[in-house]
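Here's a quick tour of one model for anyone who likes to know the cut-offs behind the words.

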Amino acid sequence: MQRTMMMVLALIMLSSMIGSAADTNIRLNSLGFLPDKGKRASINTACSQFTVIRVPAGTTASSGSVSGPRRNTDTDEDIYTADFSALTEEGTFYLNVEGVGRSPDFPIKKDVYNFAYYTAVRAMYLWRCGCAVSGVFNGSTYKHAACHMSDAYLDYVGGGHLISPSLKGWHDAGDFNKYTVNAGITVGMMLDAWELFGPLIENIPLDIPETGGKFPDFLAEVKWELDWLLTMQNSDGSVSHKVSALNFCAFIMPEAETADRFFVPWGSAATADFVAMTAMAARIYKPYDSLYSRQCLNAAIKSYNFLAANPADHQPNQSAFSTGGYGTTDPDDRLWAAAEMWETAGEQKYLMDFETRANSQSVKVDIDWDWGNVKNLGMFTYLLSKRAGKNAGLYDAIKTGLIQVADGIVATRNNHGYGRTLGATYYWGCNGTVARQTMVLQIANLLSPNK
């Protein structure tokens, strides 16, 4: 099974396997398929033959026999698989399974995922804080008025009841607070996506206020978060853990939340994540705005130096707050920060810092990771860097660990009737895990293509 096909399948697996119309015993990716990649459907009732039918012509494009059954213990089903990967024709089709029924219509085309990309990334715009937003999707308008224009008070960071502007940023999941630590995983992955796929996405408009401006839309959206993050740095280089009200608000629109919001004291994990994000931004935004690039790099250097002078893990004092804690220790964050500083600035001290930290990790690459463990982001930057000076033994150890994890994901997928990549349990946010496993597969495939 090619890792390249796995990359496509994994991102859409959780959200689009089950048909919304036609026969729900036939589960497939109703978003569609790329012409030259794998195409499979899972059927949870006994069957033997399938046919792929062109829409609207009604003619046969492909046919074949199903394989299976394969027992899925987690869903308690016997699953049969229709593999029509050989069909490379572009168009609209449906799958007819003899004795079972038909699937929803699905497209096969080269740009089949462009609209999914547009929808997913433009959603970040709808999460913006500090401005009014509006968007239309399937005929429905989603909007809110300008919100949280008084962010944020300094009471808990020694500044008294005074406001230091901390506008912009994205609201959190299910609440309207803004968190530095979990910004790390989002901004880090999005900027990695730019470095890997920039030429493919830079000209896809997102219909945001900045469209047509100096930055590609993707980078303009990420910059909305980065601009807020830059307000979180204290004068000594430490970084505030979050901007938050004292308590979660009710289920209201963001502009209706009028409670005072405050900077929360600094944490070393937040500071390290800030270093990594701003170091990445310094190199990525440089072709478009050299002054902004320099601002980001200066901020990264300042906070890195603060961390070097304060090597102990430091937890933020959140005793006054009942909102999301996002507490985490900092070894993985410091490792990521060192990797991005080296990739951007190229100084030996950053490389030595990273390699020391990476050597101390017995497990080089993790299969299940999130905001609380960003080690993989640092490892990926090191592996993909074109800079000279990397320790060959460490490089090989990280690469070996990565390939082992990637092959394990593929094996899990191949042993499951729905191509599931997760382990034995589903959990809150596991769709994000699928996305991050897809990133593992992407990096592995770049370094060791699996044909």
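The lining of the second largest cavity splits into five nonpolar, seven polar and one charged residues. In that count, Ala, Val, Leu, Ile, Met, Phe, Trp, Tyr, Cys and Pro are nonpolar, Asp, Glu, Lys and Arg are charged, and the others, Gly among them, are polar. Before going further, a word on the source: this is a predicted model, where local features need pLDDT of at least 70, side-chain atom pairs count only at pLDDT 80 or more, and totals for chains, interfaces and linings use all residues. Residues are numbered from 1 along each chain as its sequence is written, and side-chain values use heavy atoms, with hydrogens and water left out.

Back to that cavity. A cavity here is a set of points, on a 1 Å grid over the protein atoms alone, where a 1.4 Å probe fits but cannot get out; lining residues have an atom within 4 Å of a point. Of the 13 residues lining the second largest cavity, His241, Ala269, Gln315, Pro316 and Thr328 lie nearest its centre. Helix α5 (residues 268–284) supplies the largest share of this lining, three residues. Helices (H or I, at least four residues) and strands (E, at least two) are DSSP runs, numbered from the N terminus.

Now for the charges. Side chains of opposite charge can pair when their charged atoms come close. The rule used asks for a side-chain nitrogen of Lys or Arg within 4 Å of a carboxyl oxygen of Asp or Glu, and by that rule there are 23 salt bridges. Here are some of them:

| Pair | N to O distance |
|---|---|
| Glu90 and Lys110 | 2.8 Å |
| Asp353 and Arg357 | 2.6 Å |
| Asp370 and Arg436 | 3.2 Å |

How exposed are the partners? The scale is relative accessible area (1.4 Å probe, protein chains only): buried is under 20%, exposed over 50%, partly exposed in between. Asp353 is buried at 16%, while Arg357 is partly exposed at 27%. These two sit four residues apart in helix α8 (residues 348–359), so about one helical turn separates them.

Asp370 pairs with Arg436 through a salt bridge. That pair links distant parts of the chain, 66 residues apart: Asp370 is in the loop between α8 and α9 (375–384), and Arg436 is in helix α11 (residues 430–447). Asp370 comes out partly exposed at 30%, whereas Arg436 is buried at 7%.

Last, the strands. Two strands pair if DSSP finds at least two bridges between them. Strand β3 (residues 49–55) runs antiparallel to strand β4 (residues 60–65), joined by five bridges, and Thr51 has Ser63 of β4 as its bridge partner. The two form a hairpin with four residues between them, and Gly58 in the turn has a positive phi of about 80°. β3 also pairs with strand β7 (residues 91–97), antiparallel over six bridges; there, Val52 stands opposite Leu95.

Terms used: 1 Å grid on protein atoms, 1.4 Å probe; cavity = no way out; pocket = protein on both sides within 12 Å on 5 of 7 lines; lining within 4 Å.
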